[in-house]
Amino acid sequence: PLLIANQAGWFILNDQAFEVIWDGTPALSGVRIRLHDKKSSRPPVTSHFGEGIITFHIPYLFRTSPGYNLLVRGPSNWPKDGIQALEGLVESDWTSATFTMNWKITRPKRWLRFDVGEPMCMLVPQRRGELEAFQTGIAALSSNVELNDAYTQWAASRSQFLTELRLRKPEAVDRKWQKDYFQ
């Protein structure tokens with residue numbers, strides 16, 4: 001599931017190493033940016049919103065097929081200490097505007113680094129209206145006999161495997177994990 005999530009979109013990579021620090025105030029001037037390439041005079045991010053938010057300006061105009069949006073988010077399964085990617089949804093099938101990628105600094109008064117080649121944005125196409133079309137509900141697992149039996153069998157197998165792994169049984173140690181998701 002983690003690998004599949006990592007592959008369920010496209011990364012935009014940072015092209016300039018920099019560090020950023022926020023003083024904890026809401027002011028635009030509360031964010032300082034330090035470039036690593038002394039030849040560059042233009043930082044890849046700005047303090048556009050204040051409140052410790054840094055903004056990457058995406059230099060592309062995206063166009064998707066009719067009815068598709070782009071979920072603009074941080075790179076999946078790529079946590080970054082002291083800063084959190086913010087998400088947006090762009091109606092990229094009709095807009096003629098570019099968009100930005102924003103990150104909220106969560107740990108003031110500490111320098112945070114972005115390296116060259118590090119993902120700073122992930123784009124995930126989504127069909128507009130699809131999420132709203134889902135009907136959710138809660139039902140007892142026992143109300144679906146076939147699913148209940150499959151789950152019970154899987155849960156027993158999982159418990160046995162974890163016990164064997166904890167006891168360092170060679171077969172379990174060699175397997176490392178069950179890989180049920182690969183089926």
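Helix H3 is followed by Arg168, whose phi is positive, near 60 degrees. The model is predicted, so that local features need pLDDT of at least 70 and side-chain atom pairs count only at pLDDT 80 or more, while totals for chains, interfaces and linings use all residues. Residues are numbered from 1 along each chain as its sequence is written, and side-chain values use heavy atoms, with hydrogens and water left out.

- Helices (H or I, at least four residues) and strands (E, at least two) are DSSP runs, numbered from the N terminus.
- The 22 residues of H3 should span 32 Å at 1.5 Å a residue (1.5 Å times one less than the number of residues), which agrees with the 31 Å between its end C-alpha atoms.
- Trp154 lies in H3, residues 145–166, and counts as partly exposed because its relative accessibility is 34% (buried is under 20%, exposed over 50%, partly exposed in between, with a 1.4 Å probe and protein chains only).

**Positive phi values**
- Arg168, in the loop between H3 and helix H4 (170–175), is not a glycine and counts as exposed at 59% relative accessibility.
- Asn77 is likewise not a glycine, yet has a positive phi of about 55 degrees; Asn77 sits in the loop between strand E6 (68–73) and E7 and is partly exposed at 45%.
- Most residues other than glycine have a negative phi.

**The sheet**
- An open sheet of 4 strands runs in the order E4-E5-E9-E7 with antiparallel pairing (strands pair if DSSP finds at least two bridges between them), and its edge strands are E4 (45–46) and E7 (83–85).
- E5 (residues 53–57) and E9 (residues 100–105) pair over 5 bridges, with Ile54 opposite Trp103 in E9.
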